[in-house]
Amino acid sequence: MIIRKTFKYRLKPNNAQRRLFAQFAGSCRFVYNRGLAQKIEVYEKSKTKLSYYDLNNQLPALKQEYPWLKDVHSQVLQQGLKDLATAFTNFFRRVKNKETPGFPKFKAKGQRDSFRFPQGVKLNENLVYLPKIGLVKFKKSRDILGEINQTTIKKEGKHWMVCFSCEYESSIPNYDLALSKSLGIDMGLATYATFVKGLGNEVEKIENPRFLKKGLKKLQYLSRDLSRKAKKSRNWYKARQKLQNFHGFLRNSRNDFAHKLSTQLVKSHDIICVESLSIKAMLGSGSKNLSRAISDAGWSGFLENLKYKASHAGKGFLQADRFYPSTKNCHNCGQRHELSLKERVLDCSCGNKIDRDVNAAINIKQQCLKAVGTTVIKLVELPH
Ligand SMILES: [Zn+2]
């Protein structure tokens, strides 16, 4: 299957190139902001929408008006307009989904300065050729795989970075073979995680690690102890320190656990399917207790670990749709059930009687795998 991946490196520009970067990013921002202002104005006047093509057609006239725009590669300016179009597409999608809309904002200087080349970029060892800028050195920390689709130059802190979005054929030799090494994961409160593996959905449950079970009691004890002390007394400070230390201990143990487990999983699987966490976090927001808080933090760390490691190993990492009700639907017939948190078994009229976490893990896996083959798997490179 085709994998799309971004490779990011630190650029080592000289002073002249640094100035050009700032100029390119500034021109991009100018075109973006002007386009945004025009879109708003036209909409307010005539209730009509200016499209990307309308704005793009104005570029030659704009260059006459502002000759310094001519110094910048025209495709870079077009990419600025495309960003604007994407910002509006995202805005309208959020409105449709009744999420917080967040109308596209004007870009300010020094905030996420960036620009993009859709083509024309060439590579030679640790040098990258950027149209109208020239050869720029970069710190090549590892090899780039596949064909470069587009190249983004962006400023992070005081450094300029280059990101190559590439597409390549994955090392997973054959889809059926990959399926035999597929893994579906459901994260839970009663058990840490439930796995279903391979074509036959072999089940494995990972119990909550002992430090978590024991730690919970100790946390409750320590916080109670703190609440009994007179505030800001010597003993209060002592108790507070104890509590903070224990939090630190739990955090370390949890990270350690997540590291080991994720390494082992990535080694032995080719496609890893996980749920989207946000939905579970939202569902659970009513029952905010200590164990919930601990688990939530642990889950996201664990999944970030998995994602990062899978990406580095060139394995498939898939996340189920945010709104997919993995715990409610029978994986066999799709019938929806309303299960209370206490009900551990889903008993469906189709004859499927199954542990609810196993059912959820199978659903997550099936839902993710449906997407493979039709869409490209996107692995996003995390910063080193
Ligand atoms: Zn059923």
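In what order do the five strands of the open sheet sit? Reading across, the order is S10-S9-S8-S11-S12, and the pairing is mixed. Keep in mind that you're looking at a predicted model.

**The sheet**

Strands S10 and S12 are the edge strands, each pairing on one side only. On average, neighbouring strands in this sheet are turned by 20 degrees against each other, if you ignore direction.

Now zoom in on one pair. S8 and S9 run in the antiparallel sense and pair over five bridges. Within that pair, Gly-184 stands opposite Val-196 in S9.

Here's where to find four of these strands:

| Strand | Residues |
|---|---|
| S8 | residues 182-187 |
| S9 | residues 193-197 |
| S10 | residues 202-206 |
| S12 | residues 316-319 |

**The helix pair**

Next, have a look at helix H6 (residues 210-228) and helix H7 (residues 234-268). Two packed helices are described by the angle between their axes and the distance between the axes. For H6 and H7, the angle is about 165 degrees and the axes are 9 Å apart. Angles over 145 degrees count as roughly antiparallel, so that's what H6 and H7 are to each other. Their crossing is left-handed.

Which residues meet here? From H6 they include Phe-211, Leu-219, Leu-222 and Leu-226, while the H7 side includes Trp-236, Leu-243, Phe-246 and Leu-250. Charged residues take part too: Lys-218 and Asp-225 are among those in H6, and Arg-240 and Lys-242 among those in H7. Taken together, the contact divides into nine nonpolar, three polar and four charged residues.

Notes: Residues numbered from 1 in each chain as written. Predicted model: local features only at pLDDT ≥ 70, side-chain atom pairs only at ≥ 80, totals over all residues. Pairing = 2+ DSSP bridges. Helix = DSSP H or I, 4+ residues; strand = E, 2+ residues; numbered from the N terminus. Axes fitted to C-alpha atoms, helices over the stretch in contact; angles between N-to-C directions. Parallel < 35°, antiparallel > 145°, perpendicular 65-115°, else oblique. Left-handed = near helix turned anticlockwise from the far one by under 90°. Contact = placed C-beta atoms within 7 Å.
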